[in-house]
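Dear colleague,

Please find below the structure that I would like to hand over to you. My findings follow it.

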Protein chains: 2
Amino acid sequence: MKDEIERMERFILDFVETLGYKGVVMGVSGGLDSAVVAGLLSRVMRERVLGLIMPERDSNPESEKHARLVCETFKIHCEKIDITPILSKMGIYKLQPPAPLVSYSVKMRYALRKWKELGDDVFLKDLTGDMPDDYRKGVAYYRAKHRVRMCVLYKEAEVRGYAVAGTTNKTEFLTGFYVKYGDDSVDFEPIGHLYKTQVREIAKELGVPKTILEKPPSPDLIPGVTDEFALSMSYEDIDRILMKMEKGESLDGEDPNIVERVERILKVAKLREIKSITIQDWENFKKYNIQ
Amino acid sequence: MKDEIERMERFILDFVETLGYKGVVMGVSGGLDSAVVAGLLSRVMRERVLGLIMPERDSNPESEKHARLVCETFKIHCEKIDITPILSKMGIYKLQPPAPLVSYSVKMRYALRKWKELGDDVFLKDLTGDMPDDYRKGVAYYRAKHRVRMCVLYKEAEVRGYAVAGTTNKTEFLTGFYVKYGDDSVDFEPIGHLYKTQVREIAKELGVPKTILEKPPSPDLIPGVTDEFALSMSYEDIDRILMKMEKGESLDGEDPNIVERVERILKVAKLREIKSITIQDWENFKKYNIQ
């Protein structure tokens with residue numbers, strides 16, 4: 001564990017120094033992954049870290065509190081930029097009915113009901129785009145938030161000559177559980193090689209506060225929709241199966257339904273990985289990924 | 001030439017149909033590259049193309065006229081979304097002095113003077129980030145425009161179940177002449193395999209209007225700064241040298257100063273390609289690209 005932390009510390013310092021960045025900007029969401037990245041950054045370059053808290057109209061009010069707790073715990077400078085006015089000018093709130101005066105718990109119940117209406121495989125439908133028109137608006141609504149956050153992170157990074165650090169983990173990358181050109185779009189990924197369950201172990205070692213360690217992981221993009229609710233699996237199950245697959249180990253002891261679901265997710269997650277594909281790359285992609 | 005056009009047409013149709021998109025959204029800037037992409041799209045799926053014109057406070061007023069001309073020529077549906085209010089809420093205009101009431105030609109003279117103050121290698125400095133603090137604001141200012149355009153393109157694509165088509169060419173990719181997570185961030189790149197000079201030939205064949213064919217290429221991000229001004233070379237020179245390099249041909253007949261400049265640009269352009277790099281990828285990157 002200590003070795004792994006030191007390895008990440010060296011990576012951060014080496015990356016930043018080699019490319020001549022003066023420091024690092026990161027988004028602090030109040031969740032586990034960004035808490036770990038904040039913890040790592042604070043160990044090697046505390047005075048040159050800017051943590052951005054970027055709530056919007058429909059964010060869980062708890063998230064900002066937890067984000068501030070992270071910045072206080074690791075003593076990094078933080079600033080809050082409310083992205084509501086930007087999303088509003090982009091017309092994002094016209095896509096989703098909940099009114100501004102409705103409480104968070106009402107928004108949550110509404111979103112969960114909508115989600116369930118679409119059946120048990122919304123996440124797979126989201127990845128493939130196979131959904132009714134009505135739901136497409138919901139997709140555009142939630143994804144715009146992470147994309148606007150990316151724009152804000154880069155603006156703040158560029159005026160300072162800083163790099164943007166990402167907070168995406170390996171489980172999210174493999175399952176497509178990220179917003180294309182949103183939270184996946186950064187300069188470097190300090191925890192991009194770690195599965196979610198490994199990030200949790202590192203978090204304990206770094207001293208991430210208990211409230212954050214123990215709360216259910218959530219992208220906080222759609223009120224009430226947590227990671228494991230969207231994926232319909234626990235991170236323990238996904239990670240164990242993904243690790244076995246990576247090592248080429250037998251999946252005999254696993255629930256075949258869960259294995260089948262992981263396999264389907266991995267397959268459609270390949271679609272999210274398609275970025276700026278040219279003619280030649282398309283031919284290769286088809287050969288290896290589409291039957 | 002006809003073969004190349006047919007090849008791109010097949011790519012567009014195959015990509016869109018294989019992934020189940022209902023159509024394509026693209027940004028129409030009024031320049032050559034987007035005119036060619038609009039022309040190609042119109043040939044295979046005219047009724048399912050949305051061309052977005054996204055001017056902002058400091059855009060060249062000519063650009064919108066030319067963008068409309070492109071949409072009329074190729075008979076594609078277009079919509080205008082002024083991104084000024086979004087950029088304004090992001091604080092982008094606070095980064096750059098020109099006042100809203102100043103004419104375009106005054107903004108242009110101001111920007112060119114600033115650019116020249118930084119010496120003859122602003123584009124290289126831009127790629128490496130090696131510049132005075134004052135100029136960093138200018139970098140954040142111009143890059144935010146293409147990033148916000150990306151967010152708007154994806155919003156409009158997602159509500160319709162459309163793909164986002166890019167308009168970046170091979171010369172731009174190789175020289176780093178694009179905004180990271182801006183105009184480079186799309187679903188597919190119909191002309192990503194063509195050098196700029198090849199795009200120009202295709203444009204003639206497709207019937208791109210003469211005004212657009214003949215005007216100097218410009219990203220229209222900083223008033224007055226054209227592509228060739230920023231690169232300090234003509235596309236004829238760059239492309240000829242890049243093509244010789246690609247084929248492994250001798251560069252003996254070329255101006256050694258231009259060759260040296262192209263080589264330096266290619267080297268630093270590698271830095272812009274670094275995206276969301278993890279520990280393992282960083283080790284490989286260093287091995288092959290940094291001495």
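**A buried glutamate and the chain interface**

The side chains of A:Glu254 and A:Arg240 are joined by a polar contact of 2.7 Å; a polar contact is a pair of N or O atoms within 3.5 Å, where within protein one must be able to donate a hydrogen and the other to accept it, and residues adjacent in sequence count only if both atoms are side-chain atoms. Please note that this is a predicted model, in which local features need pLDDT of at least 70 and side-chain atom pairs count only at pLDDT 80 or more, while totals for chains, interfaces and linings use all residues. Residues are numbered from 1 along each chain as its sequence is written, chains are lettered from A and ligands numbered from 1 in the order in which they are written, and side-chain values use heavy atoms, with hydrogens and water left out.

A second polar contact, also of 2.7 Å, links the side chain of A:Glu254 to that of A:Lys244. A:Glu254 is located in the loop between α12 (235-247) and α13 (256-272) of chain A; helices here are DSSP runs (H or I, at least four residues), numbered from the N terminus. A:Glu254 counts as buried because its relative accessibility is 9% (buried means under 20% relative accessible area, with a 1.4 Å probe and protein chains only). Apart from neighbours within four places in sequence, A:Glu254 is in contact (heavy atoms within 4.5 Å) with A:Arg240, A:Ile241, A:Lys244 and A:Val259.

Turning to the interface, 54 residues of chain A are in contact with 54 residues of chain B. The area buried between the two chains is about 4700 Å², of which carbon and sulfur atoms give 67%; buried area is the accessible area (1.4 Å probe) lost on putting the two parts together, summed over both. The rule finds 10 salt bridges across the interface of chain A and chain B, a salt bridge being a side-chain nitrogen of Lys or Arg within 4 Å of a carboxyl oxygen of Asp or Glu. A:Lys180 forms a salt bridge with B:Asp187, with the closest N and O atoms 2.5 Å apart. On the side of chain A that touches chain B, α1 (2-18), α4 (84-89), α7 (133-160) and α14 (279-289) are the elements that give two or more residues. The largest share, 16 residues, comes from α7(A).

Yours sincerely

Terms used: Buried means under 20% relative accessible area, exposed over 50%, partly exposed in between (1.4 Å probe, protein chains only).
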